[in-house]
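Welcome, and thanks for taking a look at this one. Below is a short tour of a few helices and loops, grouped by topic so you can follow along in your viewer.

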Amino acid sequence: MSSGTTPIDDLLRGSIDHCVKCTICETQCPVTAVTPLFPGPKYVGPQAERYRVADEPSVDSSVDYCSGCGICSQSCPQGVKIAEVNAQARYKLKQKKGYPLRDRIITRPPWLGRAGTPVAPLANFTIDFKPFRILGEKFLGVHRDAAAPEFAGRRFSTWARKHPSPPTGRKIVYFHNCGTEYYEPWEGEKVVQILEHNGFEVVVPKQDCCGLPLQSSGLFDDARKVVLRLARALAPHVRDDPDLKRVSERTYDICELLLELHDRGELKTDFQPVNERIFYHAPCQQQGHFIGKPALELFALIPGLEVTEGNARCCGIAGTYGLKAEKYDIAMAVGADLFGQVRASGADAVACDSETCRWQITHATGEKSVHPIDFLHRAYGL
């Protein structure tokens with residue numbers, strides 16, 4: 001291990017020597033394709049990393065225009081951890097330059113959720129009231145037109161506490177995320193009902209944010225505290241040792257889990273017809289997990305459901321990236337191909353596994369966008 005570095009630092013820096021400068025990552029990067037402000041993942045990643053010294057400033061501030069979508073790492077034939085190198089470089093850059101107040105606020109969904117939920121009508125009014133959005137752009141740097149979900153006015157965890165899951169001998173722990181907690185509690189309710197329909201007792205422990213928004217904006221120290229706190233909340237339900245690695249190894253995407261159950265012959269398939277045409281977009285984050293596109297395979301089990309899969313690379317939002325005033329236009333340009341495909345599809349609705357992607361798609365196209373679980377819930381007749 002190098003002096004002053006961590007095993008993660010050495011792992012990432014070690015991977016850059018495998019870069020052969022083929023520029024495949026440059027051709028796949030959705031941000032480089034729409035703005036000269038980001039010279040490309042190879043340039044700010046493996047190439048610039050060779051000039052970054054532990055105790056010296058990051059050599060290029062353009063790394064902050066990386067959206068963190070991860071497409072570069074997915075496309076690299078040599079297995080270079082390009083997006084991860086860029087994320088570490090952003091962290092170092094932000095440590096030197098400081099973190100804007102905006103980044104400290106919008107990366108903490110529980111803060112916003114807990115403040116907005118009790119006064120949802122008023123909070124939603126401010127979201128839709130253009131003069132307030134203009135002030136928010138001027139003083140905080142959140143773009144006036146950026147996609148902003150409305151508060152549901154109730155919390156999923158409140159519903160879960162009042163909904164004891166019947167014991168079945170098959171227990172599953174549900175991490176529901178901040179979007180479900182404050183903005184789309186009905187999605188969480190549908191997940192619970194589907195799992196119960198398939199014979200599971202669903203446990204919803206007290207939980208908080210996963211820390212991903214913090215990590216994406218370079219707030220690594222805060223993100224580390226948040227994700228370790230979450231792991232401690234979930235770990236006792238996995239085993240007695242609060243081990244982050246153990247929790248991560250036992251964590252599934254909901255569609256990934258349901259498809260695995262189907263592959264084992266354990267998923268109920270008493271589906272009723274859903275006679276609709278829908279458009280499906282697989283988010284970058286999910287594709288980065290290399291689990292395939294389980295939602296598509298589940299859709300194929302539903303009679304009458306006609307699905308068009310988009311081939312656009314990214315919607316542009318990248319968590320909180322597209323909310324930022326200096327990056328909003330970039331985010332919309334990145335997503336333009338997807339938005340055009342959605343409009344041209346003539347679909348009745350859009351399905352997407354990520355809530356921020358759904359909000360971006362609806363914002364840009366005006367089309368209803370829901371989680372794939374919605375169609376399974378309807379097909380089950382729940």
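Just after α12, G199 takes a positive phi of about 90 degrees. Please keep in mind that this is a predicted model.

**Helix α12 and what follows it**

- Helix α12 covers residues 185-197, which makes 13 residues in all.
- From its first C-alpha to its last, α12 reaches 19 Å, close to the 18 Å expected at 1.5 Å a residue.
- Of the 13 residues of α12, 10 are buried, so the helix is largely enclosed by the rest of the structure.
- The buried set holds P185, G188, V191, V192, I194, L195 and H197, and it also includes E187, E189 and K190.

- Helix α19 has 18 residues and reaches 25 Å from first to last C-alpha, close to the 26 Å expected at 1.5 Å a residue.
- Have a look at A336, where α19 bends by about 50 degrees.
- Which residues of α19 are buried? They are Y328, I330, A331, V334, G335, L338, F339, Q341, V342 and S345.
- The cover over these buried residues includes the strands β3 (277-281) and β5 (349-352), together with helix α20.
- Just after α19 comes G346, with a positive phi of about 65 degrees.

**Helix α19 against helix α20**

- Helix α19 (residues 328-345) packs on helix α20 (residues 355-365) at an angle of about 75 degrees, and their axes are 9 Å apart.
- Angles of 65 to 115 degrees count as roughly perpendicular, and α19 and α20 are therefore roughly perpendicular to each other.
- On the α19 side, the contact is made by Y328, A331, M332, L338, F339, V342 and R343; α20 brings Q360, I361, H363, A364 and T365.
- By class, this contact of α19 with α20 has 8 nonpolar, 3 polar and 1 charged residues.

**Helix α3 against helix α5**

- Helix α3 (residues 41-49) and helix α5 (residues 82-97) pack at about 75 degrees, with axes 9 Å apart.
- These two helices, α3 and α5, are therefore roughly perpendicular to each other.
- P41, V44, G45, P46 and E49 of α3 meet I82, V85 and N86 of α5.
- Sorted by class, the contact of α3 with α5 has 5 nonpolar, 2 polar and 1 charged residues.

- K327 sits in the loop between β4 (306-309) and α19.
- Is K327 buried or exposed? At 1% relative accessibility, K327 counts as buried.
- Leaving aside neighbours within four places in sequence, K327 is in contact with D64, Y65 and Y321.
- T23 is found in the loop between α1 (7-16) and α2 (24-28), and T23 has a positive phi of about 65 degrees although it is not a glycine.
- With 32% relative accessibility, T23 counts as partly exposed.
- F290 is not a glycine either, yet F290 has a positive phi of about 55 degrees.
- The place of F290 is the loop between α17 (284-287) and α18 (294-299), and at 62% relative accessibility F290 counts as exposed.

Methods:
Residues numbered from 1 in each chain as written. Predicted model: local features only at pLDDT ≥ 70, side-chain atom pairs only at ≥ 80, totals over all residues. Heavy atoms only, no water. Axes fitted to C-alpha atoms, helices over the stretch in contact; angles between N-to-C directions. Helix = DSSP H or I, 4+ residues; strand = E, 2+ residues; numbered from the N terminus. Parallel < 35°, antiparallel > 145°, perpendicular 65-115°, else oblique. Contact = heavy atoms within 4.5 Å. Nonpolar A, V, L, I, M, F, W, Y, C, P; charged D, E, K, R; others polar. Buried < 20%, exposed > 50% of the residue type's maximum accessible area, 1.4 Å probe, protein only. Expected span 1.5 Å × (residues − 1). Bend = angle between axes of the 7 residues up to and from the residue.
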